[in-house]
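The following note sets out comments on a ligand shell, on annotated positions and on a helix. Please read the points alongside the structure shown here.

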Amino acid sequence: MTVHTTHETAAPLRVALIGLGAIGRVIAKELLARQGEGVQLLGALCQHESEGAELGLPVVTTLAALLALQPDLVVEAAGHGAVKAYGPEVLRAGRDLLLVSVGVLSDAALLAELEAAARASGRQLLLPSGALAGLDYLQAAKLAGLSRVCLRSRKPPLAWRDTPAELLLDLAKLSEPVVFFRGSARDAARSYPKNANVAATLALCTLGLDETLVELVADPTISGNEHEIEASGAVGELHLTLRNTASPDNPKTSLVTPYSVMRSIMARRAVLSV
Ligand SMILES: NC(=O)C1=CN([C@@H]2O[C@H](COP(=O)(O)OP(=O)(O)OC[C@H]3O[C@@H](n4cnc5c(N)ncnc54)[C@H](OP(=O)(O)O)[C@@H]3O)[C@@H](O)[C@H]2O)C=CC1
Ligand SMILES: O=C([O-])CC(=O)C(=O)O
């Protein structure tokens, strides 16, 4: 629970965004609507300067220009490539970094580089719950000992277009759900960078990228994105099913994702935060 009463005396949190796609655009609109509530959106790093025009948001096209805006927090919502290109430099420059594209942390060398950069500058690498839920319980359960954690992600065929699933299935002709991937969270996140970030988030909160099990399902009977978590350990069991509405702008992405980022951002200035 985060109660969005902010510390009026604290300086507003200065936020900069990377990416103005399905997720970044919602975050930008929400932040712009909440200026004065302890947060201030400074601008966004995009591939084209014209992208922020409709929002009235300053857009820059280089990381140096984004860092020159002096953000406290940089929020990435642009994909694995952007994290590789900019992530370590953001932390080295002494800014906190919130990653939406969590699956890129399946690259062990990049994760080590980001952690080293955060340690050296005394800043934080932050991960939102994204399209998932239950991570608070699971992190508590991990302290007592977890024995098994599985994620099953179901999405409609449309959401698996332009992914390796197309080599395994005829997506246009599916008439029933098909499990086309079974493996580790690391392999899922690496092979499906726009669809299985949740696998990495769950794994990093629980048994790790190699021990957390993942199934990916193409399901022609659903319209949104569904995630089922099953976990067991010393404190009990968790069975959780999420039936997420898809973003109207990107069928791969659950609509809740940018709001989970908003929750994480607002929590940094909240008086009461859980
Ligand atoms: N943690 C989670 O639960 C979830 C994480 N995700 C992750 O979030 C990412 C974004 O999702 P979504 O917004 O739906 O995707 P979109 O494709 O709608 O938007 C991505 C945006 O980032 C831009 N972009 C790409 N590379 C760069 C770059 N180097 N610098 C600046 N901008 C860049 C793209 O521009 P252009 O189109 O011009 O290339 C596009 O506008 C996904 O790739 C996925 O990795 C998604 C869903 C859930
Ligand atoms: O938004 C979702 O449902 C999950 C997703 O795309 C991801 O984790 O990459």
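1. In this predicted model, two elements each supply at least two residues of the shell around ligand 2, namely α8 (197-205) and β14 (250-254). The largest share, 3 residues, comes from β14.

2. The residues around ligand 2 are A131, K194, N195, A196, N197, V198, N225, N244, K252, T253, S254 and T257. Sorted by class, this shell has 7 polar, 3 nonpolar and 2 charged residues.

3. Under "binding site", an unreviewed UniProt entry lists A131 and N197. These two positions span 67 residues in sequence, yet their C-alpha atoms are not more than 8.8 Å apart, so they gather at one spot.

4. A131 is located in the loop between β7 (125-126) and α5 (135-144). Is A131 buried or exposed? A131 counts as buried because it has 24 C-beta neighbours inside 10 Å, the cut-off for burial being 20 or more. Not counting residues up to four places away in sequence, A131 touches V198, N225, H227, N244, S254, V256 and T257.

5. With 29 other C-beta atoms within 10 Å, N197 is buried. Its contacts, leaving aside neighbours within four places in sequence, are S101, V102, G103, G130 and A189.

6. How many of the residues of α8 are buried? The count is 9 of 9, and the helix is accordingly described as mostly covered. The buried residues are N197, V198, A199, A200, T201, L202, A203, L204 and C205.

7. Which elements are included in what covers the buried residues of α8? The cover includes the helices α5 and α7 (185-191), together with the strands β8 (146-155), β10 (213-218) and β11 (225-233).

8. Over residues 19-128 the chain is 40% helix and 17% strand. The end C-alpha atoms of this stretch are 16 Å apart.

Methods:
Residues are numbered from 1 along each chain as its sequence is written. Chains are lettered from A and ligands numbered from 1 in the order in which they are written. This is a predicted model: local features need pLDDT of at least 70, side-chain atom pairs count only at pLDDT 80 or more; totals for chains, interfaces and linings use all residues. A residue is near a molecule or strand if its C-beta atom, placed from the backbone, lies within 6 Å of it. Helices (H or I, at least four residues) and strands (E, at least two) are DSSP runs, numbered from the N terminus. Ala, Val, Leu, Ile, Met, Phe, Trp, Tyr, Cys and Pro count as nonpolar, Asp, Glu, Lys and Arg as charged, and the others, Gly among them, as polar. UniProt positions are given in the numbering used here, feature names are shortened, and annotations may be inferred rather than shown by experiment. A residue is buried if 20 or more other C-beta atoms lie within 10 Å of its own, exposed if 12 or fewer, and partly exposed in between; C-beta atoms are placed from the backbone. Two residues are in contact if their C-beta atoms, placed from the backbone, lie within 7 Å.
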